[in-house]
Amino acid sequence: MYGGGNTFEGVKTDSVAQEDQVKLGEFEGRIARGEKIEPSDWMPQLYRKQLIRMIEQHAHSEIIGALPEGTWITRAPGFKRKMALMAKVQDEVGHAQLLYSAAETLGKPREQMIDDLITGKSKYSNVFNYPTFTWGDCCFISWLVDAGAIVNQLANAKGSYGPYCRALERICAEESFHLKYGHHCVIYLATGSSIQREMFQDAINRWWPPMMHFFGPADMISTHTPVLMKWKVKMGTNDDMRNQFLDMYVPKIWELGFTLPDPNLAKNSKTGRWDYTEPDWEEFKRVISGDGPCNKERLEVRRIAEERGRWVRKALKSPQAAYVPPLA
Amino acid sequence: MNNIALKELLYKIADDQLILGHRNSEWTGMGPLLEEDIAFSSMAQDKVGQSLAMYTLLHSLGEGDPDTVAFTRRGNQFHNCVLVELPNGEYDFSLVRHFLFDTAEAIRFELLSNSSYEPLAQLAKKIRGELRYHTLHANTWIRQLGSSTEESIARIQASLNFSLPFAMGIFEASPHENELIESGVFAGEKALKQRWLAKVEEIIHQTDLHLPDLNTVEPVPGGRVGKHSEHLQPLLDEMSEVFRIDPTAEW
Amino acid sequence: MDMNSLDPRVNRLSTNTYPVPNEPTAPLDQFGTFEVFVQPKGDKPFQHEGIVHAPNLEMAYVLAKEAFTRRFVCVSLYVVDTANVAASPITEGDVNIYQRIEDRSDQPGEKLSYEIYHLTRRGKQHVHAGTVQAVNAQDAMVKAKHQFNSGKGICSVWAVRTKDIRFTLPEERDLWNTLPEKKFRDASAYKGGDKLSVFLQSKQKSSDHSGHSDNADQ
């Protein structure tokens with residue numbers, strides 16, 4: 001699950017001018033033709049670097065994202081919800097595995113990526129720095145945060161890098177039940193008792209601001225990197241993605257009789273875009289830099305998981321092995 | 001044949017699977033290696049799914065619906081062995097429990113595939129492949145961790161020593177043993193335990209581990225008759241936490 | 001360390017301490033990689049799906065089974081160490097890789113069995129094309145050129161020595177038996193449409209009803 005919007009803040013493109021311009025032309029021609037780039041191809045440094053960063057952050061988002069929902073597995077009400085949630089959270093761990101593998105084809109070893117996550121050097125989707133207080137919160141993530149991630153994933157699946165596209169194809173196939181399951185849970189809450197309805201409304205009220213942050217800072221305050229769009233690394237602007245999400249899901253939320261905590265939220269018939277209260281981007285910056293409700297805990301749990309597994313991995317390692325990056 | 005004996009058998013199997021499935025699911029997202037996290041999670045899902053199949057059989061025999069039976073009973077109404085309710089501890093304990101329990105479970109269902117109670121025989125045949133994976137996984141891990149570093153051998157050995165008394169509780173005899181055996185529903189805990197021991201010994205002998213003489217192991221029984229450790233009720237409370245917010249609601 | 005978390009699993013961890021280690025993570029802490037191939041149906045070829053990190057071949061098989069064959073219906077699996085996959089370069093556009101593989105005369109030495117895989121388009125996965133007898137991977141590609149070159153776009157070839165592969169044993173084929181029944185991971189198991197319609201209709205009815213009452217009051 002991945003918001004992705006802030007990955008490309010502050011990208012420096014100076015290195016592009018230093019690249020072999022003939023090779024660069026061939027590389028860009030391939031992308032323009034819609035042909036995928038594969039691991040053994042020549043690629044500009046910036047492309048390799050930004051892809052690693054993006055795919056790695058996506059992977060981190062999945063493994064961290066497994067925590068706020070994973071906590072509800074033992075508490076999921078009934079077999080149907082429980083089996084689905086177990087499979088869904090497991091898929092998230094599986095997606096992390098697929099994505100780290102894709103990033104590895106670009107030359108960065110998986111343990112390096114995991115270390116960078118734990119030390120705070122690499123980021124993950126900010127939405128997971130918030131707590132899931134209730135089953136309603138869990139359902140919000142399962143439906144709407146997932147929906148946001150799918151908007152991104154579908155866009156990125158048309159990107160230029162082969163291994164990432166292959167991973168996303170598999171991820172999108174596995175995700176198809178996640179979204180339906182999430183919506184199903186919410187329909188039951190919406191059509192259930194007043195306790196259930198209030199639980200979900202309460203969750204919406206708390207999660208809507210992080211959801212508006214999900215796709216990253218507004219276009220007007222973001223730095224734009226046209227070359228990343230040209231290279232099909234970034235597939236749409238943050239506001240484009242956000243509007244797509246609002247188009248698809250606000251009506252569905254309203255149809256269930258829930259309200260959204262933004263009196264200005266409305267589709268503007270003139271612009272065809274959504275009007276809304278501008279999210280607090282200072283708050284976003286604060287949380288993504290480490291000062292959110294759950295940042296410390298998420299990373300600490302991840303660090304502890306790695307620590308607890310250290311003796312296991314040590315026991316299985318063979319000293320002769322040499323590192324070979326994966327092929328595809 | 002007497003349904004009471006059959007139901008008691010089904011309940012203990014289902015409760016074992018439900019509780020162990022929950023414990024193993026607690027590792028999801030926190031495993032020692034991503035791929036192993038995924039594998040352990042799959043086996044947890046298998047267990048919960050199998051318990052659902054068992055509770056569904058019980059429902060067809062007149063017991064409550066699976067959700068009610070699984071999520072509203074009190075601890076002293078559960079018939080799982082104490083081994084499966086213990087907290088996860090570190091990975092060495094969870095793996096050893098997985099090895100000891102799943103070795104027994106695979107043999108139990110092997111025996112049940114010949115059950116005179118047709119639905120149970122069908123189910124046993126159906127899940128054979130799932131249980132094959134569980135034992136393949138457990139054996140591979142125990143063999144490897146049981147023969148590598150000093151630390152891993154020491155940890156696995158300590159977990160083995162700790163778990164064996166609780167593992168004996170898997171085979172606690174039912175008051176209806178004879179009836180189950182005579183009616184052909186199940187070959188009985190004694191037969192199961194014998195075959196289990198042979199299999200466990202076979203694997204342990206392939207490692208640097210040592211299997212204590214079972215005659216020196218003091219069994220911890222009670223689970224089968226509702227006598228549990230202090231760990232079960234908190235887990236059950238957790239499992240029913242959302243349910244209890246509104247017991248009449250559909251979730 | 002007590003994290004006082006909302007997550008009961010995390011609170012259960014709190015009783016132990018897990019100090020931050022002084023030494024950095026060792027290389028290959030997460031192990032080397034193994035390529036995973038899956039057979040979707042009995043009459044279809046094996047196809048590359050991805051990698052697992054694992055300490056050895058047997059563990060790679062055990063882990064790949066859940067990493068790559070837990071979700072969608074399939075019938076078999078095998079794995080091989082990434083280091084044991086010989087990969088040709090990848091071509092541009094429509095160029096067939098076999099045009100780049102030079103013919104060589106029969107090489108001396110013991111012939112071994114090699115599995116050959118083709119990539120028919122950038123962005124897709126390598127698919128098993130067949131088996132050849134050859135003295136090494138390069139020779140295997142030459143043999144494959146003669147036996148499996150369909151003339152259609154093949155942009156990359158992989159060759160793997162058969163004995164390096166951990167195949168599924170015949171008795172292990174039941175590992176995937178229950179996959180088709182696991183409907184709880186199908187989108188079709190979560191059709192909320194009916195419940196939603198009933199809800200929307202009753203919402204509509206109550207707003208119609210309140211409209212009538214207003215009229216009646218006039």
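The legends below describe close-up views of a predicted model. Local features are given for residues with pLDDT of at least 70 and side-chain atom pairs only at pLDDT 80 or more, while totals for chains, interfaces and linings use all residues. Residues are numbered from 1 along each chain as its sequence is written, and chains are lettered from A in the order in which they are written.

**View 1. Chain B is built from helices and no strands.** Chain B holds 12 helices and zero strands; helices (H or I, at least four residues) and strands (E, at least two) are DSSP runs, numbered from the N terminus. The radius of gyration, taken over C-alpha atoms, is 18 Å for chain B, close to the 18 Å of the globule rule for 251 residues, so chain B is as compact as a globular protein of that length. That rule is 2.2 Å times the number of residues to the power 0.38. The C-alpha atoms of chain B fill a box of roughly 50 × 45 × 30 Å along the principal axes. Of its 251 residues, 51% are buried, where buried requires 20 or more other C-beta atoms, placed from the backbone, within 10 Å of the residue's own.

View 2. Chain C has four helices and seven strands, in the order α-β-β-α-β-β-β-β-α-β-α from the N terminus. Its radius of gyration is 28 Å, whereas a compact globule of 218 residues would have one near 17 Å. The C-alpha trace spans about 100 × 55 × 40 Å along its principal axes. Buried residues account for 35% of chain C.

**View 3. Chain A meets chain B.** Here 38 residues of chain A are in contact with 43 residues of chain B, contact meaning C-beta atoms, placed from the backbone, within 7 Å. Helices H3 (45–70), H4 (79–104), H8 (194–213) and H12 (295–316) of chain A each supply at least two residues to the side that touches chain B. H4(A) gives the most, with 12 residues. This side of chain A comprises 22 nonpolar, 10 polar and six charged residues; Ala, Val, Leu, Ile, Met, Phe, Trp, Tyr, Cys and Pro count as nonpolar, Asp, Glu, Lys and Arg as charged, and the others, Gly among them, as polar.

**View 4. Chain B meets chain C.** This contact takes 20 residues from chain B and 21 residues from chain C. On the chain B side, helices H2 (34–60) and H7 (128–145) each supply at least two residues, and H7(B) gives the most, with nine residues. By class, the chain B side has seven nonpolar, five polar and eight charged residues.

**View 5. Helix H12(A) bends at Arg310(A).** The bend is about 40°, defined as the angle between axes fitted to the seven residues ending there and the seven starting there. H12(A) has 22 residues and reaches 31 Å from its first C-alpha to its last, close to the expected 32 Å; the expected span is 1.5 Å times one less than the number of residues. Its buried residues include Val301(A), Ile304(A) and Leu316(A).

**View 6. Asn126(A) lies in a loop.** Asn126(A) is located between helix H5 (110–118) and helix H6 (135–156) of chain A. Asn126(A) is buried because 23 other C-beta atoms lie within 10 Å.

Technical notes:
Buried ≥ 20, exposed ≤ 12 C-beta atoms within 10 Å, placed from the backbone. Contact = placed C-beta atoms within 7 Å.
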